[in-house]
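Here's a quick tour of a helical packing arrangement, written for someone who likes to check things on screen. Have a look first, then read on.

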Amino acid sequence: MYSAQVVEKAILNSLLFTQVNNITKERYDEILAEKSLLTFGELKQEIIVKGFFAPEFIEELEKFHQKRDWLAHNYWWDR
């Protein structure tokens with residue numbers, strides 16, 4: 001789960017850095033708070049829409065998302 005959170009935060013930061021040109025710290029904090037409320041799927045969709053990752057990365061991200069969701073939502077139930 002730690003690795004899943006690291007990837008999720010990296011995606012969050014990637015989205016933030018595309019929006020931080022000439023903004024105040026307060027606005028940066030607002031954007032961070034807004035994006036932090038998104039689910040992993042919503043973050044992933046935003047990354048896909050922005051189109052700044054290669055299709056191969058998106059394919060791996062889809063696989064990762066499936067594994068992450070299983071770990072987050074089903075791991076304990078399956079055991």
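## Ground rules

A residue is called buried here when its relative accessible area is under 20% and exposed when that area is over 50%, with partly exposed in between (1.4 Å probe, protein chains only). Helices are DSSP runs of H or I with at least four residues, numbered from the N terminus.

This is a predicted model, so local features need pLDDT of at least 70 and side-chain atom pairs count only at pLDDT 80 or more, while totals for chains, interfaces and linings use all residues. Residues are numbered from 1 along each chain as its sequence is written, and side-chain values use heavy atoms, with hydrogens and water left out.

## Helix α3

On α3, the buried residues are F40, L43, K44, E46 and I47. They sit on the same side of the helix because they cover an arc of only 160° around its axis (the arc is taken over directions from the helix axis to the C-beta atoms). That buried set packs against α1, α2 and α4, where contact means heavy atoms within 4.5 Å.

## Helix α1

α1 covers residues 2–17, and its 16 residues should span 22 Å at 1.5 Å a residue; the end C-alpha atoms are 22 Å apart, so the two agree. (The expected span is 1.5 Å times one less than the number of residues.)

Which residues of α1 are buried? A4, E8, I11, L12, L15 and L16 are, and they share one side of α1 because their arc is only 140° around the axis. The face turned away from that side carries exposed Y2, S3 and F17. As for partners, the buried residues of α1 pack against α2 (25–36), α3 (40–50) and α4 (55–73).

## Where α1 meets α3

The axes of these two helices come within 10 Å and cross at roughly 45°, which makes α1 oblique to α3. Axes are lines fitted to C-alpha atoms, for helices over the stretch in contact, with angles from 0 to 180 degrees between N-to-C directions. Under 35 degrees counts as roughly parallel, over 145 as roughly antiparallel, 65 to 115 as roughly perpendicular, and the rest as oblique.

At the contact itself, V7, E8, I11, L12, S14 and L15 of α1 meet F40, L43, E46, I47 and K50 of α3.

## R68, an arginine tucked in

R68 belongs to helix α4. Is R68 buried or exposed? R68 is buried, at a relative accessible area of 12%. Neighbours within four places in sequence aside, R68 touches A4, E8, F40 and H73.
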